[in-house]
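I set out to record the metal site, the strand pairing and the ring contacts of this model. My entries follow in the order in which I looked things up.

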Amino acid sequence: TRSTRPQRLLNAVRKHATRGDPQSVISAIDHFCRHSEWAMNIGDEKGSILDSVVSELNPEKVLELGTYCGYSTVRIARLLPPGARLITLEFNADYAAIARQVIAWAGLEDRVQLVEGASEDWIPRMKEHFGIETFDFVFLDHWKDRYLPDTKLMEDCGLLRKGTVLLADNVICPGVPDYLQYVRNSLSYKSCYFKSHLEYTKAEDGLEKSVFLG
Ligand SMILES: O=C(NCCCCc1cc2ccncc2s1)c1cc(-c2ccc(F)cc2)cc(O)c1O
Ligand SMILES: [Mg+2]
């Protein structure tokens, strides 16, 4: 049977990246997506914005919604101190299988926990199942119509604290209008927009950074 795009992306990582070197994994995926096949990773331009937000925050407890092939997982985990934890949720079992291998190739499996399943099922179980009190940083990059309901669910489950930072991908393309309206008008958030481009293209996209005020 024909290989899938995630499998071809993993092959490119194995061929061009050095085991245990996260930066080489990031570069190999960006090269593959620019020169071989577009894929929905956050990419290098928006990825640099993600890096600066994570580096400034130095989070201990991180939640990523939407793993895909693990590109942003590697970008975030490589900046975390060894004691920090990143829980990443992926709905698609095939993507999850590839992501596990990409994360392992980068040598970051010790600080990443990849969980297969739907955000709406797992968010209510974070506390009892993972012993998580609250998250310091949440990266939203999953179904665009789940950003808002899952943000409200995280609030209701007490997973956000004063100062928790939410960073949302694709707020322009594909777009998350209901989520944007909420975080920009709610008195519980301080929100700002980082203008950028859709990964590997000239189309406009951007990231919305929203600080929960409690
Ligand atoms: O759909 C996107 N990303 C979500 C994939 C959904 C995977 C899920 C993970 C998960 C975990 C837990 N619960 C439920 C879910 S559902 C996405 C799409 C584009 C795009 C942009 C222009 C295009 F022309 C075509 C695609 C760009 C992007 O950066 C994206 O992130
Ligand atoms: Mg995205």
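**Metal site.** I began with the spacing of the donor residues of the magnesium ion (ligand 2), which in sequence is D-x27-D-N. I found the ion coordinated by Asp141 (OD), Asp169 (OD) and Asn170 (OD1), at 2.0 to 2.2 Å. Donors are N, O and S atoms within 2.8 Å of the metal (3.2 Å for Na, K and Ca); water is not among the atoms, so sites may look incomplete.

**Conventions.** I note that this is a predicted model, in which local features need pLDDT of at least 70 and side-chain atom pairs count only at pLDDT 80 or more, while totals for chains, interfaces and linings use all residues. Residues are numbered from 1 along each chain as its sequence is written, chains are lettered from A and ligands numbered from 1 in the order in which they are written, and side-chain values use heavy atoms, with hydrogens and water left out.

I took buried as under 20% relative accessible area, exposed as over 50% and partly exposed as in between (1.4 Å probe, protein chains only). Asp169 is buried at 0%, and Asn170 is buried at 4%.

**Strand 7.** Helices (H or I, at least four residues) and strands (E, at least two) are DSSP runs, numbered from the N terminus. In strand 7 (residues 204-212), I read 7 of 9 residues as buried. Strands pair if DSSP finds at least two bridges between them. Strand 5 (residues 160-168) is antiparallel to strand 7 over 4 bridges, and Leu167 has Lys209 as its bridge partner. Strand 6 (residues 189-197) also runs antiparallel to strand 7, with 9 bridges; there Ser191 is partnered by Ser210. In the hairpin of strands 6 and 7, with 6 residues between them, Tyr200 takes a positive phi near 60°.

**Helix 10.** Which residues of helix 10 (residues 177-185) are buried? I listed Tyr179, Leu180, Tyr182 and Val183. They lie on the same side of helix 10, because they cover an arc of only 165° around the axis, taken from the directions from the helix axis to the C-beta atoms. The face turned away from this buried side carries the exposed residues Pro177, Gln181 and Asn185.

**Rings.** Tyr182 is linked by ring pairs with Tyr189 and Phe212 into a cluster; rings of Phe, Tyr and Trp (its six-membered ring) pair if their centres lie within 6.5 Å, with planes under 30 degrees apart counted as stacked, over 60 as edge-to-face and the rest as tilted. I also noted the charged end of Lys152 over the ring of Tyr182, 5.1 Å from its centre; the rule requires NZ of Lys or CZ of Arg within 6 Å of the ring centre and within 35 degrees of the ring normal.
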